[in-house]
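Open the model in your viewer and keep the selection panel at hand.

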Amino acid sequence: MKLKDSLTNLKRHSFLFEQLVKRDFEHKYKRTALGALWSVLSPLLTLLVMKVVFTQFFGRNTPHYTIYLFAGNIIFSYYREATTNGMQSLMQNANVIDKINLPKYLFVFSRNVQAFFNFLLTVLVFFVFCIFDHIEFGFHMLMLIYPIICLLILNVGIGLFLSAIYIFFRDMTYLYQVFLTLLNYLSAVFYTIDGYSPTIQKLFLLNPVYVSIKYFRTVVIDGVIPSFQYHLLMLGYSLFFMALGSYMYKKYNHQFIYYL
């Protein structure tokens, strides 16, 4: 799946794509009293629970622990929502795919756009918390655009990959939930890795979600921009998974219709 062709198809079907995104938003918050506010309230309530539970165990000696915890929570929540919804997007739109001839990856993209907007809302709330926690703002904060873009590309790639597998292997939805639980514990969302040896700390960098979380924390809490090599690592993960997802989609795209 070439990038140029994807952008051309996206432009050609822009109206339909907008309707898909709008439909996904409406479906998610259908019959809820607070509607889209749950995009903000959900991570806030999760943060409150985690802060109460983990502060006494992990946060006593961690500066700005609320911000430390919030950064890990919103990034992991974004990854989980985008990839899980992307995985199920083709199956949930099987009735549309059967009737309309259009690029199937648009359904994966629309779910990622929905998750991305939800994430941006929580980032705004995150900055409000930073103000209350006396975090120093500066031009270095603009560098947060970089991990956000890399994370968006990563999530789309993994969503494409999972959606292709899920078509043929429905057990993936249960296996992926187990994987997300494991990944959550390996992403240092609520604890620090300072007590581990340098070798173990480097092993955490094999986790692309942790890499994004660490970038956020380094810029926001420490006020430091990560090294050029760190930027390359994050970009490498994003491009690798986008290439992998695109390859899986292109290889099995013609078979999807027989399994939906």
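Contact here means heavy atoms within 4.5 Å. Helices (H or I, at least four residues) and strands (E, at least two) are DSSP runs, numbered from the N terminus. This is a predicted model, in which local features need pLDDT of at least 70 and side-chain atom pairs count only at pLDDT 80 or more, while totals for chains, interfaces and linings use all residues. Residues are numbered from 1 along each chain as its sequence is written, and side-chain values use heavy atoms, with hydrogens and water left out.

**Whole chain**

Colour by secondary structure: the chain has twelve helices and zero strands. Of its 260 residues, 48% count as buried, that is, under 20% relative accessible area, with exposed meaning over 50% and partly exposed in between (1.4 Å probe, protein chains only). Among contacts between residues at least 6 apart in sequence, 76% join residues at least 24 apart.

**H4 and H7**

Select H4 (residues 65-92) and H7 (145-168). Their axes come within 7 Å and cross at roughly 35°; axes are lines fitted to C-alpha atoms, for helices over the stretch in contact, and angles run from 0 to 180 degrees between N-to-C directions. The crossing of H4 and H7 is right-handed: a crossing is right-handed if the near helix is turned clockwise from the far one by less than a right angle, and left-handed if anticlockwise.

Show side chains where the two helices meet. On the H4 side they include Ile75, Tyr78, Tyr79, Ala82 and Thr83, and on the H7 side Leu151, Leu152, Asn155 and Ile158 are among them. The residues of this contact of H4 with H7 divide into 13 nonpolar, seven polar and no charged. In this count, Ala, Val, Leu, Ile, Met, Phe, Trp, Tyr, Cys and Pro are nonpolar, Asp, Glu, Lys and Arg are charged, and the others, Gly among them, are polar.

Stay on H7 and pick Asn155. Is Asn155 buried or exposed? Asn155 is buried, with a relative accessible area of 0%. Leaving out residues up to four places away in sequence, Asn155 touches Tyr78, Tyr79, Ala82, Thr83 and Asn112.

**H4 and H10**

Ile67, Tyr68, Ala71, Gly72, Ile75, Phe76 and Tyr79 in H4 meet Val209, Ser212, Ile213, Phe216, Arg217 and Val220 in H10. By class, this contact of H4 with H10 has ten nonpolar, two polar and one charged residues.

Next, pick Val219, also placed in H10. Val219 is buried, with a relative accessible area of 0%. Beyond four places in sequence, Val219 is in contact with His140, Met141, Leu144, Val224, Ile225 and Pro226.

**The cavity**

How many cavities of 30 Å³ or more does a search of the whole structure find? The search finds one. On a 1 Å grid over the protein atoms alone, a cavity is a set of points where a 1.4 Å probe fits but cannot get out, and lining residues have an atom within 4 Å of a point. Grid points are joined across faces, edges and corners, and a volume is the space filled by probe spheres set on the points.

Select Cys150, Leu151, Leu154, Pro208, Ser212, Met234, Tyr237 and Ser238, which line the largest cavity. The lining residues divide into six nonpolar, two polar and no charged.

Key: 1 Å grid on protein atoms, 1.4 Å probe; cavity = no way out; pocket = protein on both sides within 12 Å on 5 of 7 lines; lining within 4 Å.
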